[in-house]
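Me: Got a model I'd like to go through. Can we take it piece by piece?

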Amino acid sequence: MKTTETPAPVPAEPGVTVTKADSPGAPSGEEKTGGVLNAFSHGILVIWAIMVTLPLVWAVMTSFKDDASIFGSPWSLPDKLHFENWSRAWTQAHMSEYFLNTVLVVGGSLIGTLVLGSMAAYVLARFEFPGNRFIYYLFIGGMSFPIMLALVPLFYVVNNMGLLNTIHGLILVYIAYSLPFTVFFLTAFFRTLPSTVAEAAFVDGASHTRTFFQIMLPMAKPGLISVGIFNFLGQWNQYMLPTVLNTDEDKHVLTQGLVQLAVSQGYKGDWSGLFAGLVMAMLPVLAAYIVFQRQVVQGLTAGALK
């Protein structure tokens, strides 16, 4: 039968002091610091999540209350679900028309932005020609140009082109406004894609157009979804541009409709209907992010992983 013997302690050398931290299994100073930073970062994330989630939950809860409950007990749960708030906002407040106009404008501008931005980014990322860097930095400069400085000349340009108070005019302005960031994002993404696939397509006789649309563009799907979500958020919540370029009430978008709903009755505003309309405007953005959350993270980390 084998017995387990406890090994005798090794005597320390003269002049050497054995501390608890030097013993096996004791946490080092770096591990302690990392644990503190990890707990601190998690605490910050929890606080940030509460700050973001709480107003959203409160807005959804308030959309099912009546006006008396909103002012009398703003933090309590609704006594019953007032679905008439949603129907009143959808029909009487014309949120259905504003929603349709927003879908047309954002849908058209998002498709145009992704198509034009991906084509420009692919050329800038894959081809070397005189002026390549200059064109690229022009797009970068467009990201730093404040849109407020361009509102007055933009108004006269759109008016002279006969596109004022039109859906397609607003689509063109949204595309121009979103192209700099789209080109900047997709240029970096196209540089991470392997060039051997495109070279093999050229050897097989594929043209540049076919290689781009049938090979490179599907490979860039995570990047397209990521930049598409960011553009969708910015264009869906855009208020300044439609306020200046779209003054026709029949062509108002959701942001303009919410402001009009808030000020239409002065101090006797329909607060329950306003919150219902606000939640209607938020739901498509939340749904888009929830559906494409994995693709967004994949697109944002693709460049770092490669």
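Me: Where does alanine 288 sit?
Reply: In helix α13. Bear in mind that this is a predicted model.

Me: Is alanine 288 buried or exposed, and why?
Reply: Alanine 288 counts as buried because its relative accessible area is 15%, and the cut-off for buried is under 20%.

Me: What does alanine 288 touch, leaving out residues up to four places away in sequence?
Reply: Ile229 and Phe232. Phenylalanine 232 is 56 residues apart from alanine 288 along the chain, and their C-alpha atoms are separated by 8.8 Å.

Me: Now the largest nonpolar core. Which residues touch the most other members?
Reply: Trp86, Met95, Phe232, Trp236 and Leu254, out of 25 residues in that core.

Me: Which helices each supply at least two residues of this core?
Reply: α3 (84-91), α4 (95-126), α10 (221-236), α12 (254-263) and α13 (271-291). The largest share is eight residues, and it comes from α13.

Me: What is leucine 254 in contact with, beyond its neighbours within four places in sequence?
Reply: Met95, Tyr98, Phe99, Thr102, Trp236 and Ala281.

Me: And a second core, which residues does it include?
Reply: Tyr136, Leu163, Leu170 and Ile175 are among its 16 residues, and this core is separate.

Me: Switching to α12. Which of its residues are buried?
Reply: Leu254, Thr255, Gln256, Gly257, Leu258 and Leu261.

Me: What covers the buried residues of α12?
Reply: The cover includes α4, α10, α11 (240-245) and α13.

Note on methods: Residues numbered from 1 in each chain as written. Predicted model: local features only at pLDDT ≥ 70, side-chain atom pairs only at ≥ 80, totals over all residues. Heavy atoms only, no water. Core = buried A, V, L, I, M, F, W, Y, C linked by side-chain atoms within 4.5 Å. Buried < 20%, exposed > 50% of the residue type's maximum accessible area, 1.4 Å probe, protein only. Helix = DSSP H or I, 4+ residues; strand = E, 2+ residues; numbered from the N terminus. Contact = heavy atoms within 4.5 Å.
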